Amino acid sequence: MNKIVLLVFSICLLGCKQIAPQQKSTSSDKENKIVTPVSKPIVNTFDVKGYWSNNCQEGSGYVDISENNTLKIEVNSNQVYLKGRYKNIKSNFFNIYFTSKDLGRGGSSLDWVNYDKDSIIGTLKLIDKKYANFNWLGFYNKKTKKREWVDNTDFKSPTLKKCDF
């Protein structure tokens, strides 16, 4: 019996890993460590690039999405045009940001200097390869802390169609 106990004890010692006691980290250890967050890549099932509008034949109120995360928006025909950028937030969902104005007549009276370029002006969610939901939020004015030009758009419906020309 003693031989069996001794044999089991020996096998356990050989097979078990010895756990070293944890060492306290110093401030220099923390500075040298690089923490990389693990995140899943965003996978879009549809291509966002293209010309999106409520009415492809009429052409008023459009979002023209290009390569390299840039776009052009006609908010109001002959009134307000802008250039922007978009950021893929999650699968088939994009935030849209204002980068610069490209004015028509009505846009000259807007407070372009105080519009925040880091605040989203709209969102785009791809429904399928032909349709997307566009939510125009308006420009965020840093000075007044309010959104402006919210309702005055040519986007009559939140659903946009990808136009094939």
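Predicted model: local features only at pLDDT ≥ 70, side-chain atom pairs only at ≥ 80, totals over all residues.
1. Overall make-up. The protein has two helices and ten strands, and if you follow the chain from the N terminus, the order of the elements is α-α-β-β-β-β-β-β-β-β-β-β. When contacts between residues at least 6 apart in sequence are considered, 53% of them join residues that are at least 24 apart.

2. The barrel. Eight strands close into a barrel, and their order around it is β1-β2-β3-β4-β5-β6-β7-β10, with antiparallel pairing. On average, and with direction ignored, neighbouring strands of this sheet are turned by 30° against each other.

3. Strand β1 and its two partners. On one side, β1 is joined to β2 by four bridges, and the two strands run antiparallel; on this side Trp52 stands opposite Val63 of β2. β1 also pairs with strand β10 (residues 159-163), again in the antiparallel sense and over three bridges, and the residue of β10 that is the bridge partner of Trp52 is Lys162.

4. From β2 to β3. Strands β2 and β3 run antiparallel and are joined by four bridges, and within this pairing Tyr62 stands opposite Glu74 of β3.

5. The nonpolar cores. The largest nonpolar core has 26 residues, and the members that touch the most others are Ile73, Leu124 and Phe139. Two or more residues of this core come from each of the elements β2 (62-65), β3 (70-76), β4 (80-90), β5 (93-101), β6 (120-126) and β7 (131-136). Apart from this core lies another one, of five residues, including Tyr51, Tyr62, Tyr81 and Cys163.

6. The surroundings of Phe139. Which residues is Phe139 in contact with, leaving aside its neighbours within four places in sequence? They are Leu82, Phe98, Leu110, Trp112, Tyr115, Ile121, Lys146, Arg147, Glu148 and Trp149.

7. Aromatic pairs. The count of aromatic pairs comes to ten. In one of them, the ring centres of Tyr86 and Phe94 are 5.7 Å apart and the planes stand at 75°, so the pair is edge-to-face, since planes over 60 degrees apart count as such. Both Tyr86 and Phe94 are buried. The pair of Trp112 and Phe139 is edge-to-face too, because the centres of the rings lie 5.2 Å apart with the planes at 70°. This pair links distant parts of the chain, for Trp112 sits in the loop between β5 and β6 and Phe139 in strand β8 (residues 139-141), 27 residues apart. Trp112 and Phe139 are both buried.

8. The aromatic cluster. Trp112 and Phe139 also belong to one aromatic cluster, which they form together with Phe98, Tyr115, Phe134, Trp136 and Phe155.

Definitions and conventions:
Residues numbered from 1 in each chain as written. Heavy atoms only, no water. Contact = heavy atoms within 4.5 Å. Core = buried A, V, L, I, M, F, W, Y, C linked by side-chain atoms within 4.5 Å. Buried < 20%, exposed > 50% of the residue type's maximum accessible area, 1.4 Å probe, protein only. Pairing = 2+ DSSP bridges. Axes fitted to C-alpha atoms, helices over the stretch in contact; angles between N-to-C directions. Phe/Tyr/Trp six-rings, centres within 6.5 Å; stacked < 30°, edge-to-face > 60°.
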